[in-house]
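Subject: Structure for you to look at

Hello,

Here is the structure I said I would pass on. My notes on it follow below.

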Amino acid sequence: MIQLSLALILFIAILIFEIDVRLNSWNELTEASPYHGSILDSALFVHIGIAASTSILWVTVIIRALRNFPNPPHSNIHSSFHRFFGRLAMLGMLFTSISG
């Protein structure tokens, strides 16, 4: 239950951030920066690519866990999938944090 609560909190935080980015036109805010139009724009696209793919992976791991683990949860045939892709999602979140 703690993991689902944390997932919900993170989803809400991302949703609020995305709404803010869309409403406040972040690109116009960066035009005064000397770094606008530099290699950092490419880094932003890498960051967005990692973040988007990690989000899809993260949702997939959560949905599959809810469908495939019994209640109360214990190891089963789904455990190896969950372990591998859960770690992959964790690395994606780490790289998203580092690149953001």
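Contact here means heavy atoms within 4.5 Å. Of the contacts in the chain with a separation of 6 or more, 62% come from residues 24 or more positions apart.

Before the rest, some conditions. This is a predicted model, in which local features need pLDDT of at least 70, side-chain atom pairs count only at pLDDT 80 or more, and totals for chains, interfaces and linings use all residues. Residues are numbered from 1 along each chain as its sequence is written, and side-chain values use heavy atoms, with hydrogens and water left out.

The chain has 4 helices and 0 strands (DSSP runs numbered from the N terminus: H or I of at least four residues for helices, E of at least two for strands). Its radius of gyration, taken over C-alpha atoms, is 17 Å, well over the 13 Å that the globule rule gives for 100 residues, so the chain is more spread out than a compact globule. That rule is 2.2 Å times the number of residues to the power 0.38. Along the principal axes, the C-alpha atoms fill a box of roughly 55 × 25 × 15 Å.

Of the 100 residues, 13% count as buried, meaning under 20% relative accessible area (1.4 Å probe, protein chains only).

Most peptide bonds are trans. Pro 72 lies in the loop between helix H3 (39–68) and helix H4 (79–99).

Regards

Note on methods. Buried means under 20% relative accessible area, exposed over 50%, partly exposed in between (1.4 Å probe, protein chains only).
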